[in-house]
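Student: I have a structure open here and I'm new to it. Can we go through it piece by piece?

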Amino acid sequence: MNFLDSEKLETILLKNGFEKVDNPEDADVLIVNSCSVRKHAEDRAFGYLNSLKFLKNRGKIFCLYGCTANIYGSQIIEKYPFIDVVCGPNKIRESPKILKEALNGEKIVCVGESDNPFIEDLINVGGKISASISITKGCNNFCSYCVVPFGRGRLMSRSPQSIIDEIKRLVDKGIKEIILLGQNVNEYGKDIGTDFVSLLEKIHQIDGILRIRFLTSHPKDVPEKLILSFRDLPKLCKHFHLPLQSGSDRILKLMNRKYTVSHYLGIVEKVREVCPDITITSDIIVGFPTESEKDFLQTYKIVENVKFDELFVFKYSPRPKTSASKLPDDVGKEEKERRHRLIYNLQQKITEQINKNYIGKIVEVLVEKESYKKKGYFIGKTHNKKTVLFRKEGNVKIGDIVNVEILNSSIHFLSGRICVK
Ligand code: SF4
């Protein structure tokens, strides 16, 4: 979501007469687009701006964008007086005006909601074959650890027509794969009288789109018809990112996740029944307040049993305004690290084994780009999001779909050679 916001900001500024420079010393305006989901990310944003503070006496304008801007607003300028502009993710559209005012010496705080936070048709496609597009912004769920509802505001769905029109324009520019983004795509349309699966069905009919992906799904909102879509919509990629967060019902309750472990496992079972070759990935938070060894071992066991293809493991850190931040952050730093390491290592072994099982198989790969590291090689993805490296052969070009026989595997990718069916 943040990468997409940065792309939109870049495009809107370029369209309005700004120019991009590679070196901060050559810039008149320095912008950091921050993420505040974890404290570490927030600290890095401020740390980076601080590291450039020595340029302030050369008249440069310092700007903090992103969720962090929405959360702290004018407090940012009070604490860091060298920052001139604080702009939240819903206000990107106003950037040309804001930055021109800041260049005239004004301090500006532009945060909060917007009637129209979606920016259409701004993506600089630049030879890519895959593009992300926001279908919702914000979230109403208030998971107790999560700062997103405060950083990005409440749920707002973009109209189906506007999404479809943008996808058609992207297809005209050579895009073959669309990634639909939302904090919880399953809630798409609740506020405008439609639903996510209806949107998927409409997008599926667009000529020229080869693949559709989406991120992220909340386990409390997975309807049967979404699960069946993996079977019934051939362009819908067989990858399901379904954040578990914890394998302990007690912790899930404290997290305000509104599902139980058995509900989660029921979804995994149904999805695998409907679509056996689907890739399931997930997120886990370790060290949530009051997480005991017993709670942690329950999570460990679930990871061991479910065998996710990939797992993103995070150490809990309290975030401002969230209800969990009022609980004692009582799992020590070293213990969080130990739990993180244990789950991470377990997942590495699982991923390695799953990927090994691809050796000898023929997979269909959408060619995405040339490998920077290995000259003469392409990188692409399978339908179920496995990254595949293979040697360039014949007339194969970026955007083609080819069959690749897998000869080798590692934790991060598969490698093989192009073959004829
Ligand atoms: S669903 Fe929960 S974790 Fe996801 S963005 Fe909303 S509040 Fe945050």
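Student: Is phenylalanine 82 buried or exposed?
Tutor: This is a predicted model. In it, phenylalanine 82 has a relative accessible area of 8%, and under 20% counts as buried, so phenylalanine 82 is buried.

Student: And tyrosine 80, buried or exposed?
Tutor: Tyrosine 80 has a relative accessible area of 16%, so by that cut-off tyrosine 80 is buried too.

Student: How many aromatic pairs are there?
Tutor: The count comes to 13 aromatic pairs. One of them joins phenylalanine 62 and phenylalanine 82: the ring centres are 5.4 Å apart and the planes stand at 85°. Over 60 degrees counts as edge-to-face, so that is the label for this pair.

Student: Where do phenylalanine 62 and phenylalanine 82 sit in the chain?
Tutor: Phenylalanine 62 is in strand 2 (residues 61–66). Phenylalanine 82 is in the loop between helix 4 (75–79) and strand 3 (85–87). They are 20 residues apart, and the pair links distant parts of the chain. Phenylalanine 62 is buried, as is phenylalanine 82.

Student: What kind of pair do tyrosine 80 and phenylalanine 82 form?
Tutor: An edge-to-face aromatic pair, with 6.2 Å centre to centre and 90° between the planes. Together with Phe46 and Phe62, Tyr80 and Phe82 form one aromatic cluster.

Student: New topic. Which residues surround the ligand?
Tutor: Among them are Cys139, Cys143, Cys146, Tyr145, His218 and Arg257. By class, the shell around the ligand has 7 nonpolar residues, 3 polar and 1 charged.

Student: How many cavities of 30 Å³ or more does a search find?
Tutor: The search of the whole structure finds 1. The largest cavity holds about 120 Å³ of space. It is lined by 13 residues, and the closest to its centre are Asp5, Lys8, Pro89, Pro117 and Arg152.

Student: Which elements give two or more residues to that lining?
Tutor: Helix 1 (2–15) and strand 6 (136–137). The lining of the largest cavity divides into 6 nonpolar, 3 polar and 4 charged residues.

Student: What about the volume of the second largest pocket?
Tutor: That pocket has a volume of about 430 Å³. Of its 17 lining residues, Asp277, Ile278, Thr279, Tyr358 and Asn384 are the closest to the centre. The lining has 7 charged, 5 polar and 5 nonpolar residues.

Student: What sits over the ring of tyrosine 358?
Tutor: The charged end of lysine 361, at 5.4 Å from the ring centre. Elsewhere, lysine 374 lies over the face of tyrosine 377, 4.5 Å from the centre of the ring.

Technical notes: Residues are numbered from 1 along each chain as its sequence is written. This is a predicted model: local features need pLDDT of at least 70, side-chain atom pairs count only at pLDDT 80 or more; totals for chains, interfaces and linings use all residues. Side-chain values use heavy atoms; hydrogens and water are left out. A residue is near a molecule or strand if one of its heavy atoms lies within 4 Å of it. Ala, Val, Leu, Ile, Met, Phe, Trp, Tyr, Cys and Pro count as nonpolar, Asp, Glu, Lys and Arg as charged, and the others, Gly among them, as polar. On a 1 Å grid over the protein atoms alone, a cavity is a set of points where a 1.4 Å probe fits but cannot get out, and a pocket is an open set with protein on both sides within 12 Å along at least five of seven lines; lining residues have an atom within 4 Å of a point. Grid points are joined across faces, edges and corners, and a volume is the space filled by probe spheres set on the points. Rings of Phe, Tyr and Trp (its six-membered ring) pair if their centres lie within 6.5 Å; planes under 30 degrees apart count as stacked, over 60 as edge-to-face and the rest as tilted. Helices (H or I, at least four residues) and strands (E, at least two) are DSSP runs, numbered from the N terminus. Buried means under 20% relative accessible area, exposed over 50%, partly exposed in between (1.4 Å probe, protein chains only). A charge sits over a ring if NZ of Lys or CZ of Arg is within 6 Å of the ring centre and within 35 degrees of the ring normal.
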